[in-house]
Amino acid sequence: MAVASTSSSTNWVNTRPTFSSSPRRRLGSSSICYRKKHNSKTIHCAIDTQSILRFPNRSPCKESTSTCHPESPSSSSFSYSPAAPRNWNLFQKAAAMALDAIENGLTTGEKKHPLPKTVDPGVQIAGNFSPVPEQPVRHFLPVAGKIPDDIQGVYLRNGANPFFQPTSGHHLFDGDGMIYAVKFDQGSASYACRFTETQRHVQERAIGKPIFPKAIGELHGHSGIAKLLLFYARGLCGLVDCSQGIGVANAGLVYFNNHLLAMSEDDLPYHVRVTPSGDLKTVGRYSFNEQLKLNSTMIAHPKLDPVSGELFALSYDVIKKPYLKYFRFSPEGKKSEDVAIDLKTPTMVHDFAITENFVVIPDHQVVFNMSEMITGGSPVVYDNEKVSRFGVLDKYASDGSGIKWVEVPDCFCFHLWNAWEEPESGEVVVIGSCMTPADSIFNESDKELKSVLSEIRLNLKTGESSRRAIISPENDVNLEIGMVNKNLLGRKTTYAYLAVAEPWPKVSGFAKVNLSTGETSKFIYGDSKYGGEPLFLPNSENEDDGHVLAFVHDEKTWESELQIVNSKTLELEATVKLPTRVPYGFHGTFISTDDLATQALS
Ligand SMILES: [Fe+2]
């Protein structure tokens, strides 16, 4: 395995002033272009994260060193019922005080016991997992190297950024959704980050405290049940409106039918608009023109077919049957009928895959068992008795009766990178990272986390499966979040770009893997530098022509940057110095300038 490129210490050298014809130049933070030198040095998995829990002042630009752009959107465009506390009646005020007192007593009791690492905010949002304030758009950022001419548009990445400091259990996945955006325009770059103004975020800001239950961090055991009851009691008293979704919209992003959608699997998507200046504005909760029910959900990894332009999606339910539904949208956004998928137990289905003709649905061993809460446990559990399997269903099926289930024992893929058909063998090939322990993201474990890039073959003729590690044991490396060339999704791909999950969940670089041969080249971000998902942006018909974009944070200097790497040579071509810190986060997307021009307003 080759270590193709590394970068470590950064020396920013003032080179020359650059001038833009943009009338907004006078508002930008800097017109100076910087060039940096790169020293070659290999990183050996530095896993130290600062243990300080950093929480920002809530005014924007707290961490900024220069002026904000004055054309920032207002903080909220929503008016939800119920009204803010100042408009509560006497009964509501008394009820709020009583429920607050109960919650305070509950929280005080919880603090007497140490929290598991998986829900301890001191662990989950320490260091560069800690939140940042919003950053209105800043233009003409310092650039080292040259931004490639073909990169025109906006790179967006989602992440969890809790607005309020947690008062009890908090998992990394529980934070309020924030989108971080770098917009490219003729070789210059701007940056902004904004909360996605979900219903829960707007209501909690109005009330001044966190009141919506945290899906993973708080819903454990008896206190989790109590938190749920308190939430519903507040709803009954009209103190909170829980009828319009409770999700955080922090995980995925997709640009579909002229809409940028921010998603988490516990709610409907949220429509967010990129403004002409490169800022972000939440339009609202998005039901695809009321084709999705307001009390329903959609997972954060819908699949956009690059050939047909259709969007394929799932929705799971942890309480009632059907536990899983599949549906699709035409390129114009018309939804199909729901197809119920027959699962025996409510199961976490974070991701799935498409091929030219099929959807491939994992039914793994991480399941929801709400009764575990009654006995003091987590509702997300690993079911040792269940046999992991994949379902293969015709994309255009009108019901789930034709689904073919193929067992793949002891397989848990949190994400699937691609899948395709091989008609000559009757197989569907699935590419994913098999994670052990399967529930390590949700439950504390002493076992070492492994994430093995794997090829899983599902034989639709025989009903049998096979699984192999793509990378040879001597070059073994943990690989998670990443992608293949999205223009080939559902078709056979040779390459994948995946984060080097050593350490994890912050990552030290990315690897370009030949899925046929296992040949792997790594790009390491630099000494004390870490990031998250690498985004591959193709620029020609050749599968691996293009660039890899990644937000990178330097834990020594406490500064963040966007690295742009040539995907053929794995050489760093440009680095954009960001005005404020970018926390490690989740999934991203890129919208071209042409696509931005046709954005929907609603
Ligand atoms: Fe994900």
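Of the 602 residues in the chain, 48% are buried, where a residue counts as buried if 20 or more other C-beta atoms, placed from the backbone, lie within 10 Å of its own, as exposed if 12 or fewer do, and as partly exposed in between. The structure is a predicted model, in which local features need pLDDT of at least 70 and side-chain atom pairs count only at pLDDT 80 or more, while totals for chains, interfaces and linings use all residues. Residues are numbered from 1 along each chain as its sequence is written.

The confidence of the predictor in each residue is expressed as pLDDT, on a scale from 0 to 100. The chain has a mean pLDDT of 86, and 86% of its residues reach 70 or more. Over residues 1-52, however, pLDDT stays under 50, and the model has 103 contacts beyond four places in sequence for this stretch. Residues 59-80 also have pLDDT below 50, with 45 contacts beyond near neighbours in sequence. Where pLDDT is low, the predicted coordinates should not be read in detail.

Six helices and 36 strands are found in the chain; these are DSSP runs numbered from the N terminus, with helices (H or I) of at least four residues and strands (E) of at least two. Two residues are in contact if their C-beta atoms, placed from the backbone, lie within 7 Å. Among contacts with a separation of 6 or more, 62% join residues 24 or more positions apart.

An unreviewed UniProt entry lists H301, H350, H415 and H587 under "binding site". These residues span 287 residues in sequence, yet no two of their C-alpha atoms are more than 12.7 Å apart, so they gather at one spot. UniProt positions are given in the numbering used here, feature names are shortened, and annotations may be inferred rather than shown by experiment.

H350 lies in the loop between β16 (339-341) and β17 (353-354). It counts as buried because it has 20 C-beta neighbours inside 10 Å. Beyond four places in sequence, the contacts of H350 are E265, I299, H301, F414 and H415. H587 occupies the loop between β35 (572-577) and β36 (588-592), and is buried, with 23 C-beta neighbours inside 10 Å. Leaving aside residues up to four places away in sequence, H587 touches N158, A251, G252, L253 and E533.

S592 belongs to strand β36. With 15 other C-beta atoms within 10 Å, S592 is partly exposed.
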